[in-house]
2 protein chains.
Amino acid sequence: MARFKGQAEYSVDSKGRTAIPAKMRTALSPEALGTFTLTKGFEQCIYVYPLDQWKIKEEEYGNLNTNNRDARHLVRMILMWAEEVSLDGQGRISLPKALSDFAGIRDKVLIIGAMDRIELWNPEHFAHYLLEHTEDQETLAEKVMGS
Amino acid sequence: MARFKGQAEYSVDSKGRTAIPAKMRTALSPEALGTFTLTKGFEQCIYVYPLDQWKIKEEEYGNLNTNNRDARHLVRMILMWAEEVSLDGQGRISLPKALSDFAGIRDKVLIIGAMDRIELWNPEHFAHYLLEHTEDQETLAEKVMGS
DNA sequence: GACTGCGTGGGGAAAGGTGGGGAATTTTCC
DNA sequence: GGAAAATTCCCCACCTTTCCCCACGCAGTC
């Protein structure tokens with residue numbers, strides 16, 4: 001499985017394209033075929049899953065019973081935002097308008113490696129996010145991984 | 001199996017035709033033969049099943065116990081609205097009047113990929129639908145897919 | 001100091017969405 | 001039963017968007 005890490009602030013050009021950092025590109029499995037599935041993240045950002053990783057997610061959703069009202073709604077909410085994009089010859093992807101609108105991304109994007117996915121943030125929004133979550137890492141670690 | 005995802009707002013022309021997004025067309029299996037079965041959706045929308053996927057649904061409904069009053073009624077309700085349509089040379093389908101009336105679709109249509117089917121919504125109705133389902137994704141995911 | 005890798009920008013060709021005309025078929029009405 | 005009207009289907013044409021390719025400049029490396 002691909003393990004992404006690190007951060008970078010890149011620009012988004014007039015055509016809505018942004019480069020994926022070379023370090024993250026080299027972390028991709030060959031099975032990903034240079035293709036990602038972008039979707040709406042929890043919090044105001046875009047989740048970027050490599051194709052092979054997304055297949056696993058998709059499988060889960062496909063097994064839900066669509067005769068169940070809540071399941072139907074969940075599938076709608078997740079899939080309507082999902083979009084498949086591929087790297088161009090320069091190692092860039094183009095951001096679907098619906099998603100960059102949602103995340104408030106315009107001409108700058110903060111790219112964060114987060115294990116099995118990459119996250120795209122509006123740099124300013126991310127700064128705000130940090131301000132709202134001032135708990136220090138030590139406390140969090142204890143809360144989450146404690147016992 | 002075809003896996004549809006993404007969203008798009010397209011127009012419906014004066015002849016009641018609407019294009020199927022190219023991304024969804026490429027997701028079609030060859031067995032679908034560019035043919036869909038449209039039927040009344042749960043919630044106020046139109047369900048669009050590729051031919052091969054519809055066969056599976058048909059099988060499911062065919063296996064229901066027709067001695068059961070509810071099952072009998074459900075099958076009637078679903079099948080009486082079902083209609084088969086094919087893509088034209090431009091990748092469009094024409095919407096049966098009964099269905100577009102039911103969904104309230106006029107000159108604009110919101111097209112949503114939802115796994116094995118495509119959904120057609122009146123954009124405004126969909127906005128209302130979203131307002132009525134404000135549960136956040138995280139809670140819903142937990143409810144539906146367990147811990 | 002030249003070379004290579006990487007992020008950025010843009011031009012041109014191809015594809016995709018939209019609209020409409022006209023022939024063939026079906027429906028309706030006299 | 002036949003003519004008129006409406007509908008359906010197939011094709012062509014336009015225009016915007018997308019995709020693919022080429023080019024530049026900066027940075028780190030040998």
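## Basis of the model

Residues are numbered from 1 along each chain as its sequence is written, while chains are lettered from A and ligands numbered from 1 in the order of writing. In this predicted model, local features need pLDDT of at least 70, side-chain atom pairs count only at pLDDT 80 or more, and totals for chains, interfaces and linings use all residues; side-chain values use heavy atoms, without hydrogens and water.

## DNA strand C

There are 21 residues around DNA strand C, and A:Tyr10, A:Lys15, A:Arg17, B:Tyr10 and B:Lys15 come nearest. A residue is near a strand if one of its heavy atoms lies within 4 Å of it.

The side chain of B:Ser11 places an N or O atom 3.2 Å from a phosphate oxygen of DNA strand C. Base oxygens of DNA strand C are reached by B:Lys15, with a polar side-chain atom at 2.3 Å, and by B:Arg17, with a side-chain N or O atom at 2.9 Å. The elements giving two or more residues to the surface near DNA strand C are β1 (7–11) and α1 (22–26) of chain A, together with β1 (7–11) and α1 (22–26) of chain B. Such helices (H or I, at least four residues) and strands (E, at least two) are DSSP runs numbered from the N terminus.

## DNA strand D

The residues around DNA strand D include A:Ser94, A:Arg92 and B:Gln90.

Base nitrogens of DNA strand D lie 3.4 Å from a side-chain N or O atom of A:Lys15, 3.0 Å from one of A:Gln90 and 3.3 Å from one of B:Arg92.

## Salt bridges

The whole structure holds 19 salt bridges over all chains, each being a side-chain nitrogen of Lys or Arg within 4 Å of a carboxyl oxygen of Asp or Glu. In one of them, A:Glu58 pairs with B:Arg3, the closest N and O atoms being 4.0 Å apart. This pair joins two chains, because A:Glu58 lies in helix α2 (residues 51–62) of chain A and B:Arg3 in the segment before β1 of chain B.

Conventions. Polar contact = N/O pair within 3.5 Å; in protein donor to acceptor, adjacent residues only side chain to side chain.
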